[in-house]
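Work through the exercises below with the coordinates open. Try each task before reading its solution.

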Amino acid sequence: MMLRGLGSLLRRSVVVMATTQAAPTLRFQPIIYQAFNQPAILGVRTFAAKNAKKKDTSDAPPVEIDFKSFEQRMDEAIEAMKRDYTKIRAGRASVQLFDSLVVNVGGERVPLSTLGQVVLKTPQLLAVNLFDQNSADAVVTAINGMGMSLNAQKDSSTVIKVPIAKATKESRDQLTKAVSKLAEDAKGRVRNVRRDGMQLTKGLEKSAGKDEAKRAEKKLQTITDNRIDAIEKLRAAKEKDILEA
């Protein structure tokens with residue numbers, strides 16, 4: 001009798017507990033204990049609803065990769081190498097030798113091309129025909145200050161002669177080393193641009209997924225490989241020019 005009364009009292013208590021808890025996001029699972037072969041509910045365990053959604057706290061903007069800007073930066077490295085190559089003479093005169101030469105005239109820095117015309121006289125002689133004789137001294141100073149062991153001299157008030165010495169075996173070896181170093185420097189600049197692009201692909205993976213990031217990496221690598229190949233071709237052509245001079 002006493003056990004039946006206890007079981008009845010416990011059942012009534014649980015009914016009251018179950019009807020007073022009405023949280024919409026909770027569900028109830030009874031815990032059943034066996035006492036003297038009589039089932040009795042002693043408590044209620046609560047669980048969060050399965051379908052409860054987590055709040056998305058990600059508000060980062062999607063990452064976009066401007067491949068054109070990376071191509072432009074790589075191409076600038078190649079153009080700089082080309083300009084440096086024009087300064088390396090291979091025992092043979094070239095009108096491109098002074099393409100990047102800037103002259104200080106009366107405190108103003110101006111390109112040589114605005115002051116006169118460079119003419120190839122012989123394979124070992126260049127001439128600069130000036131538009132204004134007043135710039136002659138400034139042009140001679142600028143040419144001799146290029147660090148190429150040139151000896152420009154005034155031939156007349158408006159003509160400057162620039163003899164180019166023939167290359168020796170020793171000078172050729174030094175020039176090819178300089179050409180190779182400039183090529184390696186240009187490759188280094190190209191690879192630095194690639195590294196910056198690869199950093200962006202990490203953010204792209206988070207915003208657009210792994211597949212999109214892999215496609216971007218592959219495209220960036222192709223752009224890099226094309227520039228490295230271009231540098232190698234320019235280096236080989238310049239070394240050939242030096243050795244055949």
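This is a predicted model: local features need pLDDT of at least 70, side-chain atom pairs count only at pLDDT 80 or more; totals for chains, interfaces and linings use all residues.

**Exercise 1. Locate Asn 144 and state whether it is buried or exposed, or in between.**

Solution. 
Step 1: Find the element. Asn 144 belongs to helix α3, which spans residues 136–144.
Step 2: Take the relative accessible area, which is 31% for Asn 144.
Step 3: Apply the cut-offs. Buried means under 20% and exposed means over 50%. Asn 144 is therefore partly exposed, at 31%.
Step 4: List its contacts, leaving out residues up to four places away in sequence. Asn 144 touches Leu 150, Asn 151 and Ala 152.
Step 5: Look at the side chain. It reaches from Asn 144 to the backbone nitrogen of Ala 152, at 2.7 Å.
Step 6: Compare sequence and space. Val 162 is 18 residues from Asn 144 in sequence, and their C-alpha atoms are 9.3 Å apart.

**Exercise 2. Work out the strand order of the four-stranded open sheet, and describe how α3 packs on the sheet.**

Solution. 
Step 1: Write the order. The sheet reads β5-β6-β8-β7, with antiparallel pairing.
Step 2: β5 (116–122) and β7 (153–154) each pair on one side only.
Step 3: Check one pairing. β7 is joined by two bridges to β8 (residues 159–163), and these two strands run antiparallel.
Step 4: α3 touches β6 (125–130), β7 and β8, and its direction makes about 15° with that of β8.
Step 5: Pick out the buried residues of α3. They are Ala 136, Ala 138, Val 139, Val 140, Ala 142 and Ile 143.
Step 6: Find what they pack against. The buried residues of α3 meet β3 (102–105), as well as β6, β7 and β8.

**Exercise 3. Classify the packing of α2 and α5 by the angle between them, and sort the contact residues by type.**

Solution. 
Step 1: α2 covers residues 67–86 and α5 covers residues 210–244.
Step 2: Read the geometry. The helices pack at about 10°, with axes 11 Å apart.
Step 3: Classify. Angles under 35 degrees count as roughly parallel, so α2 is roughly parallel to α5.
Step 4: Name some of the contact. On α2 the residues include Phe 67, Phe 70, Met 74, Ile 78 and Tyr 85. On α5 they include Leu 220, Ile 223, Arg 227, Ile 231 and Leu 234.
Step 5: Sort by type. The contact of α2 with α5 holds 12 nonpolar residues, one polar and seven charged.

Conventions
Residues are numbered from 1 along each chain as its sequence is written. Side-chain values use heavy atoms; hydrogens and water are left out. Buried means under 20% relative accessible area, exposed over 50%, partly exposed in between (1.4 Å probe, protein chains only). Contact means heavy atoms within 4.5 Å. A polar contact is a pair of N or O atoms within 3.5 Å; within protein, one must be able to donate a hydrogen and the other to accept it, and residues adjacent in sequence count only if both atoms are side-chain atoms. Two strands pair if DSSP finds at least two bridges between them. Axes are lines fitted to C-alpha atoms, for helices over the stretch in contact, and angles run from 0 to 180 degrees between N-to-C directions. Angles under 35 degrees count as roughly parallel, over 145 as roughly antiparallel, 65 to 115 as roughly perpendicular and the rest as oblique. Ala, Val, Leu, Ile, Met, Phe, Trp, Tyr, Cys and Pro count as nonpolar, Asp, Glu, Lys and Arg as charged, and the others, Gly among them, as polar.
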